[in-house]
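Let's begin at the ligand site and then move on to how the chains meet.

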Amino acid sequence: MTRRPTPLQATFSKPKVTISAALVLLAALVPFIYPSTYGTGVLVTMLIFTVLNLSWNFVLGIAGVWNFGQLAMFAVGGYGGGLLIIHASLPPWLALLAGGIGGTLLAVLLALPTLRLFGIYTSLLTFAAAQVVQLVIQNDSSGTTGGALGLPTVKGLFESLDPLWATRAWYWLVLAIVVVVCAAIALLARSPLGLALRTLRDSAAYGSARGIDPRGHRVLAFAISGFVAGVAGALYTVYNGSISPTVMGLTPMSIYVTMIVIGGLGSITGPIVGTALVTAIQQALIDHPGTQLTVLGVVLIAIVVFVPRGIAFEAGRVRDRVVRWMNEEEEVPAGPASPEGRLVAGREGT
Amino acid sequence: MPADALLEVRGVSCGYGETTIVRNAELTVGAGETLCLVGPNGHGKSTLLRAITGLLPLSAGEVRFGGERIDGRAAEQLTELGIVHIPQGDHLFPDLTVEENLLMGAFPKGAWKDRGTALDEVFARFPKLKDRRRQRARTLSGGERRMVAIGRGLMRQPRLLVIDEPSLGLAPVIVESVYEIIAGVAAQRTTSILLVEENFTHVEEVADRVSVLEMGRIVRTGLPAELADDAAVTQSYLGALPS
Amino acid sequence: MSDILSILVSTVVLGSIYGLVALGMTLIYGILRVLDMSQGSMVMVGGFVGWAVMTSAGLSPWLAIVAAFAATFALGVLTQVVSVQPLIGRRGTDFEMITFITTFAVAMVLSNLALQFFGPRQKNVPELVGGSIHLYESVSLPYQSIVMTAIALALMLGFALFLNRSRYGIAIRAVAQDLDAARLMGVPIKRVFPLVMGFASAIAGVAGVFLATQYFASPTAGDQPLLIALIVVIFGGLGSLQGAIVAAYAIGLIQAAASVYVSTTWALPILYGVIVLVLIIRPQGIAGRSLEARL
Ligand SMILES: Nc1ncnc2c1ncn2[C@@H]1O[C@H](COP(=O)(O)OP(=O)(O)OP(=O)(O)O)[C@@H](O)[C@H]1O
Ligand SMILES: [Mg+2]
């Protein structure tokens, strides 16, 4: 009865490896173009949120499960990693992994009660669950989580470096993680698992009829996405040296949802573009912090109403048009629309 | 052609999205007259009715009601003029009770005052509905649903009654009683009727005139007897019926 | 004995307030298929209107209730026009999910504007009426609670009657079930949708005044009521009015009992556990119909 969204780029064409590699290289050079500790720090935070948003988009956009409790996994990864560093003297590198495992466990736990639910009920339950996780962290009086004040002074990474280089090292580390996560999601989305998830998203009845187990796949999608979110949480804790319950709740969730949706739900470039754009808006309004959320809210509504498929998709269309226009200039005969076809046409032209 | 036309459809084209279904349709329903629209399945009869009663925008042409332009007005505004459309497939409100469904037929301000009397009249016509007045519409049988749909349409005094295939999917006995009611309304000569019907026997029973719609165009209009003799109509339309 | 009595007293008060918020939520979902995340903000705005009228202007609490009703009504209408109406009938998008997000964005804007205008500090709002009846040992029943419960019940009953008996009430339900047929009956759908959201928001606004007199007015005052309203509507079955009202009191009872016997801190987590159980046993809530039945 509910129509499923069919986000764009839901069917992943062969990743244009060279273009992606060039973009990554360009991104890796950014800290040199922009040699300030503060500026690089903003970019690190942006990349950490990109990891989180990629994980969220995997379950929300690709698997089509209305999970609005992703921040619980992020927080559990962050707190879990932090606590292990403090109490078990775990090296920060391992804490990242531990955060991922914590996120996975919680994600599976959260997935189980949603198995019999549809659409909006899933979002209600997961959203409520995340709120409860936040309350539990905040109301903890045993001193484990540090309550509302947060979990302080976790030993960080790259402490031996001077601040600028430490931040740059962080930037490259998180950039590498973003690249790995993107690649993993792209591969997953094209794998039989990804196909199964998208089938279940677009038609659960058809998927089950073809023998795809909807429950097992949902748990798996949660687990994968929970792992990445947990890693993002641990990254956040280690990078900032602390974490507090304010990473969760309505306000942060609003920001991440804005990032994912304006970028384009269900695509890989969507969360990347969206996170960058929202960070840019936030930085532009840095002198008027009170107006940030108002502006973001208005932008979110405007994008949903006027650019329903997200910025990344529209940008892709513009790019296609430019490519077509360039082809016309070179008077390449218009080939078939498929990428393979275009390739052949290009060869003929040279 | 009747001198005092109540409904005039002039050069109307309409469709869904990019596809035009009805092209340049012309028809007139006189005051108190019953016009029957016939034509093969899927050629746009329901689409034309939806355009006339404001559910669908026109892409060309005009519709006049009592001399006044009504195209461009929304369906919910046209009810005030006394246009009642009983759609194909009943379109009941599945989770409202039978009585609430009927009451919705009296929604326009003028009719709401007299809803009690109107309800009694409908129950007098369909005594079975009175027993089922508290039952949700979704649980009714097909025949009962049709009774509710027609009853809902008669909850106020229409000047123009638009009925889309009232016999669809009903057993012959019930079809008979449905047509008795339509014939009753037609005989009063106070309400004009625009009726879509596939079964020519019933068309001859109630229609003053018949229009044939084919491939989205009105290809003929005439008396029922003329059309029954028309070889072209018999072939294109009646010939399509399994006999 | 006094434990039980005080649990009952809080159950009735909490249940009535939750009932009001959840009523609007379930109404909007039932009619528009929108899970309106801005309902929490309406509670918050209602609280601030209460504060402005009673504390700032020093006027009567009754005026505060009326003003909160009017202000949140207007805001609800605006929310519908801006964030829901343009999405109706759009192809290729999941309406429920996308309106969940847009109403969420409205909530974001409203809370943030409140923060800008009123600052983060909690604001005290006086009681509607003072005094109390002594019941038993340390338990007493404030007049304020009686008044709030009475108003809440009256509003809920009024709404139930409105929806079941009145011309517009039946029409509102009809619109949700068959849009085209409702138009053919003459129901002005362009007016009905904003009206529904206006009324639903207005009752949330009144609940906001009540909550502010119990606690404070603050920019985040709507967050917890939103969460509880979500739990209530899951529990009651989305779209079911009776379900929402019954569930509101049930949730009030669970929360009151958990606060007395365990601790206030754990009341919500316990509540959540109960909800998970309910959903495992009855995925459509206690009064919701199964998805198949709705097709
Ligand atoms: N909502 C819609 N969107 C797109 N196309 C439609 C829609 N409704 C009907 N059509 C198409 O318009 C054409 C005419 O349909 P219409 O219902 O008017 O036919 P009809 O003459 O009433 O047929 P029948 O006798 O079977 O009721 C059909 O090809 C149908 O598929
Ligand atoms: Mg038809």
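## The ligand shell

Sorted by class, the residues around ligand 1 come out as 3 nonpolar, 7 polar and 3 charged. Bear in mind that this is a predicted model. The shell holds 13 residues, and the closest of them are Asn41(B), Gly42(B), Lys45(B), Ser46(B) and Thr47(B). As for secondary structure, helix H1 of chain B (residues 45–52) gives the largest share of the shell, with 3 residues.

Which chain B side chains put a polar atom 2.9 Å from an oxygen atom of ligand 1? Asn41(B) is one of them. Gln88(B) has a polar side-chain atom 2.9 Å from a ligand 1 oxygen, and for Glu198(B) the distance from a polar side-chain atom to an oxygen of ligand 1 is again 2.9 Å. If you're setting these against the cut-off, a polar contact here is a pair of N or O atoms within 3.5 Å.

How much of ligand 1 does the protein bury? On its own the ligand exposes 630 Å², and the protein covers 59% of that area.

## Where chains A and C meet

Now for the chains. There are 2 pairs that touch, and the one with the most contacts is A with C. Chain A brings 47 residues to this contact, while chain C brings 50. Together they bury about 4,500 Å², with carbon and sulfur atoms giving 76% of it.

How many salt bridges cross the interface of chain A and chain C? The rule finds 0. Polar contacts do turn up across the interface of chains A and C: 2 residue pairs, both at pLDDT 80 or more. On the chain A side, the helices that each supply at least two residues touching chain C include H4 (92–114), H5 (119–139), H10 (250–263) and H12 (292–306). Of the residues on that side, H5(A) provides the largest share, 13 residues. By class, the side of chain A that touches chain C splits into 32 nonpolar, 12 polar and 3 charged residues.

## Chains A and B

What about chain A and chain B, the chain whose residues we met around the ligand? These two don't touch. Between chain A and chain B, the nearest C-alpha atoms are 15 Å apart.

Note on methods: Residues are numbered from 1 along each chain as its sequence is written. Chains are lettered from A and ligands numbered from 1 in the order in which they are written. This is a predicted model: local features need pLDDT of at least 70, side-chain atom pairs count only at pLDDT 80 or more; totals for chains, interfaces and linings use all residues. Side-chain values use heavy atoms; hydrogens and water are left out. A residue is near a molecule or strand if one of its heavy atoms lies within 4 Å of it. A polar contact is a pair of N or O atoms within 3.5 Å; within protein, one must be able to donate a hydrogen and the other to accept it, and residues adjacent in sequence count only if both atoms are side-chain atoms. Accessible areas come from the Shrake-Rupley method with a 1.4 Å probe; for residues, only the protein chains shown count as cover. Helices (H or I, at least four residues) and strands (E, at least two) are DSSP runs, numbered from the N terminus. Ala, Val, Leu, Ile, Met, Phe, Trp, Tyr, Cys and Pro count as nonpolar, Asp, Glu, Lys and Arg as charged, and the others, Gly among them, as polar. Contact means heavy atoms within 4.5 Å. Buried area is the accessible area (1.4 Å probe) that two parts lose on being put together, summed over both. A salt bridge is a side-chain nitrogen of Lys or Arg within 4 Å of a carboxyl oxygen of Asp or Glu.
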